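Take a first walk through this model with the structure open beside you.

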Amino acid sequence: MTTKVQQTKQYYWYAVPGVVSFAALVGGAFLYNVYLSFNSWQGIGTPEWVGLENYQNLIQDRVFWVSFLHAFQFIFAMSIAPTAIGILIAALIYDFIARYFGNAISTFLRISLYVPQIIALPIVGMLWAWMLSPNIGVVNTILREIGLGSLALNWLGEAGTAMFALSIMMIWIQVGYTIVIFVSGMSRLDPYLDEAAQLDGATWFQRFRIVTIPQLYPEIAVVLLTTTVAALKVFGPVYVMTNGGPGDATQVPAYFSYFHFFSTTRVGYGAAIATVLALLLTALAIGLLRLQRKMGLMR
Amino acid sequence: MRTQVKRKKGFAPYLVLGSLITMALVWLFPMFIAFINAFKTPQEFVQNGVLAIPNEWDFSKFGKFWSEVDFTKKLMNSVQVSLLVALIAVFLSFLTAYAIGIGRVKGRTWILGFFMVAFTIPQEALIYPLYSISKTLSLYDNIWSIIIIFGVLSTGFGTYLLSSVMSTFPDELLEAARIDGASPWRILRSIVLPLLRPTLFVLATMFFIFTWNEFLIPLVMLPSNDNQTVTLAMAVTTGQFTSDSTARAAAALIGFMPSVIFFLIFQRTLMRGITMGAVK
């Protein structure tokens with residue numbers, strides 16, 4: 001007869017295939033990438049050990065800093081703005097639409113707003129690049145029709161507007177995700193709190209701010225975490241729409257490392273950028289998870 | 001005195017309804033504009049512009065584009081890759097999550113933390129090693145390379161999600177089975193697997209669409225035309241076949257239709273998965 005301890009040990013076997021393949025593929029590849037970041041290598045021949053040289057060059061590379069600056073700007077467009085918009089829209093859907101007009105309309109709204117999430121980012125990028133094309137694009141056509149022809153700019157072709165245009169697209173992509181998470185979060189909230197506030201004469205907006213938002217802290221934390229990580233990883237749209245340009249106006253770390261891997265074939269340099277990005281993301285995720293725990297305790 | 005009754009609508013709900021429907025239409029507008037232009041003849045586009053509804057619906061671009069990029073082949077590749085990835089990843093995640101969530105093995109927090117790395121490490125930090133290793137193993141430019149890579153990479157999210165589901169599994173059921181002398185394998189087969197089947201389906205659906213939309217790794221791994229997936233082919237080869245604006249609209253439409261159709265069919269399943277993943 002097997003005792004409980006023996007049984008627990010038997011369970012380890014079930015983790016073996018997953019853990020071993022994950023360690024080999026992800027762990028192995030990442031360690032190899034870190035190793036490459038200490039080398040000078042063109043992708044063929046033998047890598048030459050150069051120690052910290054790649055990292056020293058990175059610190060002095062203006063484009064490296066610019067790319068990270070853009071990644072942080074994308075945190076606004078992909079994380080902060082969609083979270084703020086999402087929570088408001090979700091509350092409106094939950095408190096007004098679902099209550100007065102039924103589930104069909106609320107489902108229609110959620111699906112429509114979620115569609116951009118389901119399309120692959122490069123295809124979304126292709127679609128938007130087409131919509132934003134300066135002469136025949138739909139965006140500029142509409143601007144001209146409504147008498148704002150002076151705003152009909154070459155959105156992706158000018159350094160001053162390219163980041164802005166990408167950011168608008170990102171908000172369009174992301175709000176569907178935040179809305180779906182927040183609507184589902186609202187269904188677990190305590191309705192009595194809201195009703196009590198209502199009896200006390202609180203307006204809808206006061207209830208939203210004081211009753212709803214604090215109860216949604218767990219969802220807000222998760223959404224901020226996942227979308228911030230996604231913002232720092234942006235690659236597809238930049239690849240399809242701007243190639244990091246014009247100049248380096250939309251350069252981001254992911255594209256910058258890809259560029260060095262496969263265009264300049266400075267593999268060690270690309271590996272150093274990717275390593276920095278990986279460490280930054282891990283640190284950020286750990287930091288946000290801690291914050292989430294703290295917010296959880298505060299409630 | 002407040003006599004506001006909850007059921008009384010008033011004006012505000014209609015205002016909210018109007019604004020939200022407007023917002024939804026704005027959100028659907030890019031798809032709509034791609035749709036009407038995809039069916040417009042190039043002449044009509046030049047004459048009436050991008051906003052006009054086509055007078056004459058032109059289907060010829062699709063056939064042309066479809067055969068020029070060999071879209072059937074791309075669809076088959078995408079379906080094969082996404083389906084196999086979903087199967088492999090669900091299988092591996094289920095077993096690992098079983099050890100963590102049901103077996104409660106020692107060090108399970110560490111194992112989970114280790115899988116969380118998949119979430120933070122960007123694919124760029126894996127791509128060059130994967131690229132050079134796949135060349136040595138002769139898996140380069142072979143769809144099996146990305147099947148293996150995504151099959152394993154996806155277990156990060158899968159293990160996290162399934163272990164949190166399994167850790168809420170009713171203890172009495174497991175205890176009763178153990179007292180009856182059921183082995184871990186028996187418990188897996190007769191109790192856990194049947195009860196978790198719907199969740200596994202949700203997870204497989206998510207893996208399918210995630211893999212379908214992947215871009216960087218296919219871009220690096222699958223240079224030749226015959227091996228490309230839909231997402232990759234749309235992003236890299238369409239330029240050659242889309243000289244005029246209506247052809248670009250048609251390309252975008254063909255590119256996103258599979259995902260949208262899949263989403264409309266599995267909408268409920270996917271939504272469940274997305275919210276399940278966010279807050280357990």
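Start at the boundary of chain A and chain B. Across this interface the rule finds zero salt bridges. Keep in mind that this is a predicted model. Polar contacts do occur between chain A and chain B: nine residue pairs make them, with both partners at pLDDT 80 or more.

Which helix gives the largest share of the side of chain A that touches chain B? Helix α1 of chain A, residues 4–36, supplies that share, with 21 residues. Sort the touching side of chain A by class and you get 67 nonpolar, 18 polar and six charged residues.

Now look at the extent of the meeting. On one side, 91 residues of chain A are in contact; on the other, 97 residues of chain B. Together the two chains bury about 8,300 Å² between them. Carbon and sulfur atoms carry 80% of that area. Three residues of chain A deserve a look here: A:Y11, A:Y14 and A:W130. They supply 11% of the area that chain A buries against chain B, more than any other three residues.

The crossing of α4(B) and α7(B) is right-handed. Which residues make this contact? From α4(B), they include B:N77, B:Q80, B:V81 and B:L84. From α7(B), B:W144, B:I147 and B:F150 are among them. By class, the residues of this contact are eleven nonpolar, three polar and no charged.

Salt bridges are found elsewhere. How many does a search of the whole structure find? Over all chains, there are six. One salt bridge links the side chains of A:D95 and A:R99, with N to O at 3.9 Å. Both residues, A:D95 and A:R99, sit in helix α3 of chain A, residues 62–101. They are four residues apart, about one turn of the helix.

Finish with two backbone details in chain A. A:G245 and A:P246 are joined by a cis peptide bond, with omega about -5°. Look for A:P246 in the loop between α11 (236–241) and α12 (253–262). Further along is A:T265, in the loop between α12 and α13 (267–298). Phi of A:T265 is near 45°. That is a positive value in a residue other than glycine.

Notes: Residues are numbered from 1 along each chain as its sequence is written. Chains are lettered from A and ligands numbered from 1 in the order in which they are written. This is a predicted model: local features need pLDDT of at least 70, side-chain atom pairs count only at pLDDT 80 or more; totals for chains, interfaces and linings use all residues. Side-chain values use heavy atoms; hydrogens and water are left out. Contact means heavy atoms within 4.5 Å. Buried area is the accessible area (1.4 Å probe) that two parts lose on being put together, summed over both. A salt bridge is a side-chain nitrogen of Lys or Arg within 4 Å of a carboxyl oxygen of Asp or Glu. A polar contact is a pair of N or O atoms within 3.5 Å; within protein, one must be able to donate a hydrogen and the other to accept it, and residues adjacent in sequence count only if both atoms are side-chain atoms. Helices (H or I, at least four residues) and strands (E, at least two) are DSSP runs, numbered from the N terminus. Ala, Val, Leu, Ile, Met, Phe, Trp, Tyr, Cys and Pro count as nonpolar, Asp, Glu, Lys and Arg as charged, and the others, Gly among them, as polar. A crossing is left-handed if the near helix is turned anticlockwise from the far one by less than a right angle, and right-handed if clockwise.
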